[in-house]
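Trainee: I have a new chain to look at before our group meeting. Could we go through it by question and answer?

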Amino acid sequence: MAAAGLGVKAAPFTYAAHALAAAAAALVLVWCVHFRGGLALEAQNKNLIFNVHPVLMLIGYIILGSEAIMIYKVFPKLNHDTAKLTHLILHAIATVLGAFGIYCAFKFHNDSGIANLYSLHSWLGIGTISLYGIQWVFGFVTFFFPSAALSVRRSALPWHALFGLFVYVLALATAELGFLEKLTFLETGGLDKYGAEAFLVNFTALVVVLFGASVVIAAVTPAHVEAPQGYESIPVN
């Protein structure tokens with residue numbers, strides 16, 4: 001792996017990712033609670049129902065999913081079975097929260113008389129959560145229970161990691177489209193294009209890009225510079 005050859009290790013990128021995750025979570029909460037009025041599952045103001053969507057998709061889906069991806073690099077000395085179980089559980093929670101976040105978007109649309117699934121953001125969102133679920137089921141069956149033969153696990157591991165990063169990047173792209181779409185709707189409705197809220201939304205989206213980049217780099221760099229390249233250092237038993 002080129003990063004290993006350059007003497008780069010994952011730790012600095014995991015630190016950056018956690019700092020950026022905290023910033024992104026705080027920013028999306030400030031946006032949805034302070035600027036957009038709060039969160040609710042039932043309300044006369046249907047916008048409060050929608051506000052649950054970006055909060056869950058960013059904090060529950062992308063950030064928790066990122067923690068699952070980085071678990072092997074954040075705790076390189078953690079018992080492998082414990083790390084694998086944590087990886088599995090965090091991804092499961094992220095999938096459930098992501099699915100519920102999508103449900104909130106549908107509920108907002110249905111309660112407000114707005115059509116569903118008309119935008120690229122919504123198409124990619126449904127596709128991404130579906131691929132995320134498929135990836136989780138494949139990982140569970142292949143690496144956890146009933147668990148495939150050792151040779152199959154060794155062959156499947158790099159593909160599992162590669163496809164997982166692909167789905168993750170797709171989730172990041174979908175989130176960016178979501179920020180753009182919502183801000184465009186708000187500005188069309190009269191929101192000041194150079195006001196504090198518009199600046200906050202754009203800055204949050206930028207932080208999410210930097211956060212995602214840190215996670216991806218952490219995922220593809222070794223926990224230790226001297227670690228072997230590829231996936232040989234990750235046991236599959």
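**Fold and surface**

Mentor: UniProt, in an unreviewed entry, lists residues 16-220 as "domain: Cytochrome b561"; such annotations may be inferred rather than shown by experiment. This is a predicted model, where local features need pLDDT of at least 70, side-chain atom pairs count only at pLDDT 80 or more, and totals for chains, interfaces and linings use all residues. Residues are numbered from 1 along each chain as its sequence is written, and side-chain values use heavy atoms, with hydrogens and water left out.

Trainee: What is the radius of gyration of the protein chain?

Mentor: The rule for a globule is 2.2 Å times the number of residues to the power 0.38, and the radius is taken over C-alpha atoms. For 237 residues, a compact globule would come near 18 Å, and the protein chain agrees with that, at 19 Å.

Trainee: What share of the 237 residues is buried?

Mentor: Buried means under 20% relative accessible area, with a 1.4 Å probe and protein chains only. By that cut-off, the buried share of the protein chain is 44%.

Trainee: What percentage of the accessible surface belongs to carbon and sulfur atoms?

Mentor: The area comes from the Shrake-Rupley method with a 1.4 Å probe. The protein chain exposes about 12,000 Å² of accessible surface, and the carbon and sulfur part is 72%.

Definitions and conventions. Buried < 20%, exposed > 50% of the residue type's maximum accessible area, 1.4 Å probe, protein only.
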